[in-house]
Amino acid sequence: RSLLVGLANGVEAAGQAQAAALELATKIASRPKGALLSAKALIRDGQSLRLSDALVRERDAFAAALTEAGWLAAMIPEAYGGSGFGFGELAIVLEEMGRAVTCAPFFSTAAMAANAILNAGTEDQKKALLPGIAAGDVTATLAFDEPPGVAATVAKGGKITGAKSYVLDGHTADLIVVLAGNSLYTADGNAKGLTRTPLKTMDET
């Protein structure tokens, strides 16, 4: 009986957590003219600015909105300043963002980079890197794929040498988690010697 009661309590707690996550997700995604810009809004308003430029311009609004909703902290454990939710809650947030066509460096930061740090980082690295992401002060991404015909990225003597392609939100990320060999390294988005070139796409959402 105690096992059944424990399972029942666990299911109820999980349901409450997912309900809370859904409420947080819909809080901002449902705003018709929220702080975050969308490609549709740019086209409708006839603005000539590229979406990437607009997102850079609206960086503070992005951080404030997602931090208010608790999205960026969702997958990060409480020990590192997060909410301690799981993949189920993350899926709810991503679903709501897709419903509202929200353009923001969320997946790259909260799902890709944060999880890479959680799974591969040392305790000291997690304490140093994750609180900034959870607080909305740092956007991040994961760079893992080389362009065709380019040699694999290498890291030696504290220096990373190579090229990565299709880095989601790599043009604006403050922190870049880089795969070199069988290890992950972090690089400051404004580090000397780092060049970022936005790729031309048909749909910049």
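1. The loop between E3 and E4 holds Asp169, where helices (H or I, at least four residues) and strands (E, at least two) are DSSP runs numbered from the N terminus. Phi of Asp169 is near 60 degrees, a positive value in a residue other than glycine. Because its relative accessibility is 17%, Asp169 counts as buried; the term means under 20% relative accessible area, with exposed being over 50% and partly exposed in between (1.4 Å probe, protein chains only). The model is a predicted one, in which local features need pLDDT of at least 70 and side-chain atom pairs count only at pLDDT 80 or more, while totals for chains, interfaces and linings use all residues. Residues are numbered from 1 along each chain as its sequence is written, and side-chain values use heavy atoms, with hydrogens and water left out.

2. Tyr166 is also placed in the loop between E3 and E4, and although it is not a glycine, Tyr166 has a positive phi of about 55 degrees. Most residues other than glycine have a negative phi. Tyr166 counts as exposed because its relative accessibility is 64%.

3. Leu199, in the segment after E5, touches Ser165 and Tyr166 when residues up to four places away in sequence are not counted; contact here means heavy atoms within 4.5 Å. Leu199 and His171 are 28 residues apart in sequence, and their C-alpha atoms are 9.2 Å apart in space. With a relative accessibility of 47%, Leu199 counts as partly exposed.

4. How many salt bridges does the structure hold? There is one, a salt bridge being a side-chain nitrogen of Lys or Arg within 4 Å of a carboxyl oxygen of Asp or Glu. The side chains that meet in it are those of Glu146 and Lys164, at 2.6 Å from N to O. This pair links distant parts of the chain, 18 residues apart, with Glu146 in the loop between strand E1 (140-143) and strand E2 (154-156) and Lys164 in the loop between strand E3 (159-161) and strand E4 (175-180). Lys164 counts as partly exposed, because its relative accessibility is 21%.

5. As for the overall layout, the chain has seven helices and five strands, and from the N terminus on its elements run α-α-α-α-α-α-α-β-β-β-β-β. Of the 205 residues in the chain, 37% are buried. Among contacts with a separation of 6 or more, 62% are between residues 24 or more positions apart.

6. Three strands form an open sheet with the order E1-E4-E5 and mixed pairing, two strands being paired if DSSP finds at least two bridges between them. The edge strands, each pairing on one side only, are E1 and strand E5 (183-188). From one strand to the next the twist averages 25 degrees. E1 and E4 run parallel and are joined by four bridges, with Ala140 opposite Leu175 in E4; E4 and E5 run antiparallel and are joined by six bridges, with Leu179 opposite Leu184 in E5.

7. Helix H6 (residues 106-120) packs on the sheet, where it touches E1, E4 and E5, and its direction makes about 70 degrees with that of E1; axes are lines fitted to C-alpha atoms, for helices over the stretch in contact, and angles run from 0 to 180 degrees between N-to-C directions.

8. The buried residues of H7, namely Lys126, Leu130, Gly132, Ile133 and Ala134, pack against H6 and E1.

9. The largest nonpolar core has 16 residues, and those with the most contacts inside it are Ile76, Ile117, Leu130, Ile133 and Val177; such a core is a set of buried Ala, Val, Leu, Ile, Met, Phe, Trp, Tyr and Cys residues joined through side-chain atoms within 4.5 Å. H6, H7, E1 and E4 are the elements that give two or more residues to this core, and H6 provides the largest share, six residues. Apart from this core lies another, of ten residues, including Trp71, Met75, Leu90 and Phe106.
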